[in-house]
Amino acid sequence: MLRERIHQTRRELDAVSRELIKLHLLVARVLSADDWDLIDRITTQKAVNIGDQARARQCKKFINLQKTQHPPQLHENKKTVVNLSGVPLEEAAYSALSKGLNFAVAPSSIPVKDILCGVEKAVMVLPEETAEEIRQETVRILKGSNKPKDNLTGAERRALRALKSNETLTVLPADKGNAAVVLATSDYNQKIAALLEDKTYRKLKKDPTDSIERKTLLLLKKSPFPEEICQQLRPQCSRTPRLYGLPKIHKPDVPLRPIISTIGSPTYRLAKHLASLLNSFTCDSPHHVRNSAEFVHTIKSLRLNPCDMMVSFDVVSLFTKVPIKDTMDLLEGNFAEDVLRLFRHVLTTSYFSFNGQFYEQTDGVAMGSPLSPVIANFYMKYFEERALDLAPLKPRCWFRYVDDTFVIWPHGPDNLKGFLNHLNSINPCIQFTMETESEGHLPFLDIDIYKRPDGSLGHTVYRKPTHTNLYLNAKSHHHPSSKQAALSTLVHRARALCDQESLRAELEFLKNIFKRNGYNDRQIQRALNRQPNSIQPDDRRGTVAFLPFVGTIFNRISRVLSRHNIKSVGLPPKKISNFLRPVKDHLGLRTPGIYRIPCECGKVYIGQTGRSVDTRLKEHQRHIRLEHPDKSAVAEHSIDLDHRIEFHKTAIITSKSRYLDRIILEAVEIELHPNNMNKETGFSLNKSWKPLISCLKRNTTSHSNSSPCH
């Protein structure tokens with residue numbers, strides 16, 4: 001439409017020009033030479049002035065439109081990026097990190113393999129004719145696609161590569177506030193070492209993953225759970241939990257909060273199931289609040305007396321201090337012995353690795369286990385009941401969220417210290433710190449609670465002084481719905497946590513923050529106008545296709561799939577955090593996925609496994625050693641041709657845990673490696689994908705990063 005409007009305007013201008021030439025000739029014949037020169041100068045000057053004014057108006061409109069559509073991002077780099085390393089960073093590094101570690105970087109090439117895999121998984125259940133139509137349409141779209149526009153400058157990409165290669169620096173997200181923190185690697189390691197000196201941790205001589213996995217399988221076999229539940233909870237290809245720390249930049253000396261990544265550990269699935277069983281036992285306490293919105297609803301009915309004080313209590317390092325023995329004694333009154341064995345197993349097998357060394361946590365629960373917050377809640381429920389029953393002076397109200405407690409204290413400041421001492425005397429492991437109101441205000445969770453003159457309590461959103469107000473950047477290569485949801489969530493939180501007096505100010509504050517994160521007025525207004533629960537869930541049960549989000553092609557493929565009741569979900573590409581050196585221990589070959597084993601002759605073996613690649617590798621080596629060529633294509637190739645397999649050069653092509661992902665991508669890789677020693681191809685890749693595979697082969701040779709096919 002715009003192109004047609006431009007063509008029409010040009011045609012009109014051409015017609016006007018021809019008409020002007022005719023008038024020019026006519027007037028020149030009628031007037032004398034002097035009169036004609038005078039009129040020509042006057043009209044020409046007037047035309048130039050009108051043209052200049054029109055150009056100035058249009059330039060001003062364009063600048064204003066550009067400001068509206070692409071507002072400047074006003075984040076102070078030095079606030080969103082906290083450099084504690086003592087090493088000066090170049091401006092490009094500050095610029096890249098200030099976008100946030102969750103900023104999705106536009107891919108430098110189309111992830112063809114992952115899109116092929118996602119579409120193939122979705123169409124496998126459809127009739128062959130329909131599936132074939134979708135495959136061919138997807139191939140057509142991919143062959144004509146272009147990579148998305150870069151959202152990082154070349155200098156920013158080079159700065160990220162330099163940070164990754166610099167082993168003396170470690171970049172982590174702050175514990176709170178969304179800042180990126182740059183630490184000297186030596187300082188980071190020293191802070192972790194100081195944490196591990198606590199008697200709670202003990203060094204182990206070897207990795208206990210395999211033994212814990214075997215014990216978990218044995219206990220599940222003896223458990224009272226149905227077989228289908230046990231099947232879901234059985235560990236497979238378990239990973240060692242890994243320790244890392246998040247800097248608490250809001251505290252002196254910037255200590256680290258220890259986090260243990262337990263996803264994929266031998267007890268992870270079982271811990272999630274036990275947490276769901278235990279959760280109902282923690283929510284029936286009158287002192288427990290589930291979230292900030294419930295707490296706001298609870299305090300609306302409170303009326304304070306002039307002598308009442310607002311106080312908050314915080315347990316010091318609750319997770320690592322929860323007494324396991326006392327907790328198990330409490331669990332005995334609620335669960336049978338065969339379930340208790342499972343709880344005991346999960347709670348007493350907390351371990352992790354850091355820098356290649358294995359450690360055991362001898363007491364407390366791991367920060368990162370799905371069972372930990374529920375166990376902490378469960379123990380604190382009984383702790384607070386006992387503490388309040390034994391207290392000589394009791395608070396007027398006591399509301400707790402995990403380790404944070406809000407209290408109304410009616411007995412004056414002189415008796416408050418005695419109450420704190422009483423709490424700290426119940427169990428030497430559970431120690432509290434205390435904060436009292438200041439000028440009628442007290443922060444609790446993410447709420448600023450304040451006293452009104454009539455004794456009621458007001459409430460608004462609270463942000464720590466170190467909060468950066470950095471949220472998902474508008475230029476991040478996320479699906480637009482994800483970015484819109486980020487804005488709507490913050491607006492919803494404002495309406496849930498703010499009273500009427502503070503809501504308008506909070507919404508105005510959010511509007512400014514959204515602009516600082518790069519959003520335009522239309523996106524902001526849409527988030528502000530969106531009503532809660534305005535989107536009704538779609539009751540239609542259809543297939544879901546999980547596809548990498550690429551701005552240039554995602555919507556086109558989504559429309560093709562939606563015609564057949566297939567919903568597309570866009571997965572963001574690599575984030576800035578993925579371009580930096582990882583802080584967790586490297587897993588190496590101890591992960592499931594698709595792998596490549598080379599031979600000295602130049603041929604390769606492409607395989608996939610749902611266990612660890614390391615385990616599968618040992619099986620291949622054993623088949624060669626025992627001369628079992630029928631059990632492995634690698635063994636057959638090595639034994640029949642007397643070739644040396646270069647196991648030390650084994651590489652993981654891509655890590656995937658889901659079976660369909662693995663077999664489809666294995667088939668793709670076998671096609672891309674025609675010089676292979678595989679006996680069978682496994683999954684049979686549909687012939688419709690052949691043009692795309694041919695393009696991938698050509699691009700692999702030419703290292704093209706643009707369109708998959710040209």
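1. The interface of domain 2 and domain 3 buries about 790 Å², buried area being the accessible area (1.4 Å probe) that two parts lose on being put together, summed over both. Carbon and sulfur atoms give 53% of that area. On the domain 2 side, His 459, Thr 460 and Val 461 lose the most area to domain 3, together 53% of what that side buries.

2. This is a predicted model, where local features need pLDDT of at least 70, side-chain atom pairs count only at pLDDT 80 or more, and totals for chains, interfaces and linings use all residues. Residues are numbered from 1 along each chain as its sequence is written, and side-chain values use heavy atoms, with hydrogens and water left out.

3. The chain is split into domain 1 (1-68), domain 2 (189-461), domain 3 (480-529) and domain 4 (593-699). These bounds come from an automatic or database domain assignment. The C-alpha centres of domain 2 and domain 3 lie 31 Å apart. Eleven residues of domain 2 and nine residues of domain 3 make the contact (heavy atoms within 4.5 Å).

4. The rule finds three salt bridges across this interface of domain 2 and domain 3 (a side-chain nitrogen of Lys or Arg within 4 Å of a carboxyl oxygen of Asp or Glu). Separately, Arg 452 and Glu 501 form a salt bridge through their side chains, at 3.3 Å, N to O.

5. On the side of domain 2 that touches domain 3, the residues comprise five nonpolar, four polar and two charged. Here Ala, Val, Leu, Ile, Met, Phe, Trp, Tyr, Cys and Pro count as nonpolar, Asp, Glu, Lys and Arg as charged, and the others, Gly among them, as polar.
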